[in-house]
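Have a look at it first, then read on.

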Amino acid sequence: MDGTFLQADKSISAANRAAVMAAAREGIRFSICTGRIQTMTDYYLKDLELTTPVITANGALIWDPVCQKTLWDLPMDQEELLQLLQFCRENRLDYCALTMEESFFSPDNVRKQRFDQYNRIAKEHGIVPMTLVSFDENFDCIRDRKVYKVLIYEVEEGQLKMAEEFLRTLRKTGYTSSEDRLLDIAHTDVNKGLGVIQLARLLNIPLSEVCAVGDYDNDIPMLQAAGFPVAMGNGCEAIKKVAEFVTKPNTEDGVAYLFEQFLL
């Protein structure tokens with residue numbers, strides 16, 4: 001979504017919306033595969049009137065927007081999650097943990113501004129906002145709950161390198177990045193490629209008939225899984241290397257341009 005389907009102000013352009021509607025009329029299934037937790041997509045799913053299940057949390061969860069239920073998921077390992085959160089607290093990092101019910105934040109969290117921005121957009125359109133709360137002292141708030149993703153945002157130089165060194169000591173926890181100065185942390189088997197594979201299986205669609213488009217490192221496994229991989233014009237060099245086609249930037253309706261050139 002961010003850097004691919006959405007504009008800089010986090011809105012859906014008229015051209016992208018029209019392309020999705022036109023694809024539906026042609027019998028093409030359109031879905032979203034995002035690093036966002038599902039509750040941070042609700043407004044967009046309703047705006048697009050999506051009926052196809054969507055992939056959220058970087059591939060950790062597939063959500064049915066019609067039946068309003070989880071079709072498949074792979075949450076983080078609870079023991080390693082607690083180790084990670086304690087490490088973050090001890091080193092005064094900027095971190096949060098995302099569940100389907102609530103999102104939890106460290107004190108004075110910088111990254112929380114993005115979630116506040118989504119809540120403002122949701123409220124303006126009559127959509128229930130996300131529940132954003134602070135961690136309790138002993139992390140009891142997340143015990144025995146499904147946490148799909150942890151974010152660590154680098155406020156001071158060197159914090160991500162320190163976090164990566166710790167993460168490499170964990171066996172059931174992996175990480176990627178969806179933008180500069182940010183670590184996206186989930187179960188070690190989770191990535192957007194796995195999400196696409198699982199969704200294609202649920203829909204009984206061969207991967208050779210799947211087109212995927214993205215802009216950053218966390219999108220690479222998704223493009224590698226798809227039959228037709230596409231990179232955004234604003235995408236990083238690494239993702240352009242695995243793409244068969246580079247479309248226009250997100251600020252120039254790159255998804256709509258892709259649809260017009262190949263799908264419609």
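## The three-stranded sheet

Three strands make an open sheet in the order β1-β2-β3, and the pairing is antiparallel. Strands here are DSSP E runs of at least two residues and helices are H or I runs of at least four, numbered from the N terminus; two strands pair if DSSP finds at least two bridges between them. At the edges sit β1 (54-56) and β3 (69-73), each pairing on one side only. Direction ignored, neighbouring strands in this sheet are turned by 30 degrees against each other on average. Between β2 (residues 61-64) and β3, which run antiparallel, there are four bridges, and aspartate 64 has lysine 69 in β3 as its bridge partner.

This is a predicted model, so to keep in mind: local features need pLDDT of at least 70, side-chain atom pairs count only at pLDDT 80 or more, and totals for chains, interfaces and linings use all residues. Residues are numbered from 1 along each chain as its sequence is written, and side-chain values use heavy atoms, with hydrogens and water left out.

Threonine 56 belongs to strand β1. Is threonine 56 buried or exposed? Threonine 56 is buried, at a relative accessible area of 0% (buried means under 20%, exposed over 50% and partly exposed in between, with a 1.4 Å probe and protein chains only). Leaving aside residues up to four places away in sequence, threonine 56 touches Thr34, Arg36, Ile37, Gln38 and Leu61, where contact means heavy atoms within 4.5 Å.

## The six-stranded sheet

The other sheet to look at is open and mixed in its pairing, with six strands in the order β6-β5-β4-β7-β9-β8. β6 and β8 (173-176) are at the edges with a single partner strand each, so one side of each has no neighbour in the sheet. From one strand to the next, the twist averages 25 degrees. β8 and β9 (residues 182-187) run antiparallel and are joined by four bridges; threonine 176 has aspartate 184 in β9 as its bridge partner.

Helix α4 (residues 112-124) packs on this sheet, touching β4, β5 (103-105), β6 and β7, and its direction makes about 150 degrees with that of β6. (Axes are lines fitted to C-alpha atoms, for helices over the stretch in contact, and angles run from 0 to 180 degrees between N-to-C directions.) Helix α5 (residues 159-167) lies across β7, β8 and β9, at about 15 degrees to β9.

## Strand β4

Five of the five residues of β4 are buried, so the strand is largely enclosed by the rest of the structure. Asp94, Cys96 and Leu98 point one way, while Tyr95 and Ala97 point the other.

β4 runs antiparallel to β7, with five bridges joining them, and leucine 98 stands opposite lysine 149 in β7. β4 also pairs with β5 in the antiparallel sense, over three bridges; there leucine 98 stands opposite serine 103. β4 and β5 form a hairpin, with four residues between them.

## Where α1 meets α9

The axes of α1 (residues 14-25) and α9 (residues 254-263) come within 8 Å and cross at roughly 35 degrees. Ala15, Asn16, Ala19, Val20 and Ala23 in α1 meet Val255, Ala256 and Phe259 in α9. By class, this contact has seven nonpolar, one polar and no charged residues (Ala, Val, Leu, Ile, Met, Phe, Trp, Tyr, Cys and Pro count as nonpolar, Asp, Glu, Lys and Arg as charged, and the others, Gly among them, as polar).

The buried residues of α9 are Gly254, Val255, Ala256, Leu258 and Phe259. They pack against α1, β10 (211-214), β11 (228-231) and β12 (245-246).

## Aromatic pairs

How many aromatic pairs does the structure hold? The structure holds 11, counting rings of Phe, Tyr and Trp (its six-membered ring) with centres within 6.5 Å; planes under 30 degrees apart count as stacked, over 60 as edge-to-face and the rest as tilted. The rings of phenylalanine 30 and phenylalanine 259 have centres 6.0 Å apart and planes at 70 degrees, so this pair is edge-to-face. Phenylalanine 30 is in the loop between α1 and α2 (42-48) and phenylalanine 259 in helix α9, so the pair ties together parts 229 residues apart in sequence. Both phenylalanine 30 and phenylalanine 259 are buried.

Tyrosine 95 and phenylalanine 135 have ring centres 5.3 Å apart and planes at 25 degrees, so they are stacked. Ring pairs link Tyr95, Phe104, Phe135 and Phe139 into a cluster.
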